[in-house]
Amino acid sequence: IPVVSISPNGQKLAYLANTPLNLSVADLVANTVLTINPSGYFFSHAGLQFSSNGRFLTYAGSTNWYAGAPLTQNVYLYDFQTGSNLLISQNFSSLVAADANSDSPAISPNGRFIAYRSFATNLVLMDSNNVADLFIYDAASNTTYLVSVNGAGNSTADDRSLKPVFSGDSQTLYFQSWASDISGNDFNGDSDIFALDLALALTGSGGGGSTN
């Protein structure tokens with residue numbers, strides 16, 4: 001099934017072809033096609049998203065499937081200006097990939113933040129709930145923060161979180177969570193939508209940040 005994403009300025013079109021091994025970007029102005037992935041990548045059918053100016057593209061993919069190793073997804077950011085890929089889902093203590101799947105990335109319109117879901121336990125120091133959590137990478141400080149943190153700010157939330165979406169002004173991150181301890185008045189026993197003020201959370205107490 002073809003999967004496509006178009007940049008907000010209408011210039012670039014990213015797509016997965018009939019096989020998931022090919023992630024390509026067509027520049028509709030220059031009339032060129034760029035293949036982003038090295039040989040051997042497997043790409044997720046979710047997470048293709050451009051920044052508002054079309055410079056950056058987020059995606060999820062894996063490089064170890066062909067060797068018979070477990071299919072572990074990681075989140076990447078491609079910079080069209082420099083022609084480089086950046087591994088976003090990094091182990092907090094090194095430059096290697098985290099220890100479990102990371103996927104469903106979303107990029108803020110200004111290109112500064114990348115939010116994503118991950119089952120990894122070593123993206124930040126305080127992840128101990130053994131379920132999928134939400135994380136955010138701040139390109140301005142090269143720092144990864146835990147988004148799905150409990151109300152006290154001292155531990156991961158008590159259930160899974162997913163589906164990050166940024167506001168148009170890049171100031172707020174919305175996400176869905178089944179956790180009951182993110183907010184002090186959550187008693188419905190079901191999933192809820194939460195909003196994180198990034199200016200407040202990433203300069204104050206929110207997040208359990210860990211520098212990559």
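Author: Val25 sits in strand S3, which covers residues 23–27. The model is a predicted one. Is Val25 buried or exposed? Its relative accessibility is 3%. Buried means under 20%, so Val25 counts as buried.

Next come its neighbours. Val25 and Lys12 are 13 residues apart in sequence. In space, their C-alpha atoms are 6.4 Å apart.

Four strands form an open sheet in the order S1-S2-S3-S4, and the pairing is antiparallel. Its edge strands are S1 (3–6) and S4 (32–35), each of which pairs on one side only. From one strand to the next, the twist averages 20°. S1 pairs with S2 (residues 12–16) in the antiparallel sense, over four bridges. Ser5 has Ala14 in S2 as its bridge partner.

How many salt bridges does the structure hold? There are three.

One joins Asp79 and Arg55, with the closest N and O atoms 2.8 Å apart. Asp79 is in strand S8 (residues 74–79), while Arg55 is in the loop between S6 (49–50) and S7 (56–62). The pair therefore ties together parts that are 24 residues apart in sequence. Asp79 counts as buried, at 10% relative accessibility. Arg55 counts as partly exposed, at 27%.

Another joins Arg117 and Asp103. Here the closest N and O atoms are 2.9 Å apart. This pair links distant parts of the chain, 14 residues apart: Arg117 is in strand S11 (residues 113–118) and Asp103 in strand S10 (residues 102–107). Arg117 is partly exposed, with a relative accessible area of 22%. Asp103 is buried, with a relative accessible area of 12%.

There is also the bridge between the side chains of Asp138 and Arg112, at 2.7 Å from N to O. Asp138 belongs to strand S12 (residues 133–138), and Arg112 to the loop between S10 and S11. These two residues link distant parts of the chain, 26 residues apart. At 3% relative accessibility, Asp138 counts as buried. Arg112 counts as partly exposed, at 36%.

Consider the pairings in turn. S14 (residues 161–166) and S15 (residues 172–177) pair in the antiparallel sense over four bridges. Leu162 stands opposite Gln176 in S15. S14 and S15 form a hairpin, with five residues between them. Ser170, in the turn, has a positive phi of about 65°. S15 and S16 pair in the antiparallel sense over six bridges. Ser177 stands opposite Asp192 in S16.

S16 (residues 192–197) also holds Ile193. Is Ile193 buried or exposed? Its relative accessible area is 62%, and exposed means over 50%, so Ile193 is exposed. Together with Val165 and Tyr174, Ile193 makes a nonpolar surface patch of about 300 Å².

Finally, the protein as a whole. It has one helix and 17 strands. Of its 212 residues, 49% count as buried. Val25 is counted as buried. The protein exposes about 9800 Å², and carbon and sulfur atoms supply 53% of that area. Among contacts with a separation of 6 or more, 43% come from residues 24 or more positions apart.

Conventions
Residues numbered from 1 in each chain as written. Predicted model: local features only at pLDDT ≥ 70, side-chain atom pairs only at ≥ 80, totals over all residues. Heavy atoms only, no water. Patch = residues over 30% accessible without salt bridge, like charges linked within 9 Å, V, L, I, M, F, W, Y side chains within 5 Å. Areas by Shrake-Rupley, 256 points an atom, 1.4 Å probe, with all protein chains shown as cover. Salt bridge = Lys/Arg side-chain N within 4 Å of Asp/Glu carboxyl O. Buried < 20%, exposed > 50% of the residue type's maximum accessible area, 1.4 Å probe, protein only. Pairing = 2+ DSSP bridges. Axes fitted to C-alpha atoms, helices over the stretch in contact; angles between N-to-C directions. Contact = heavy atoms within 4.5 Å.
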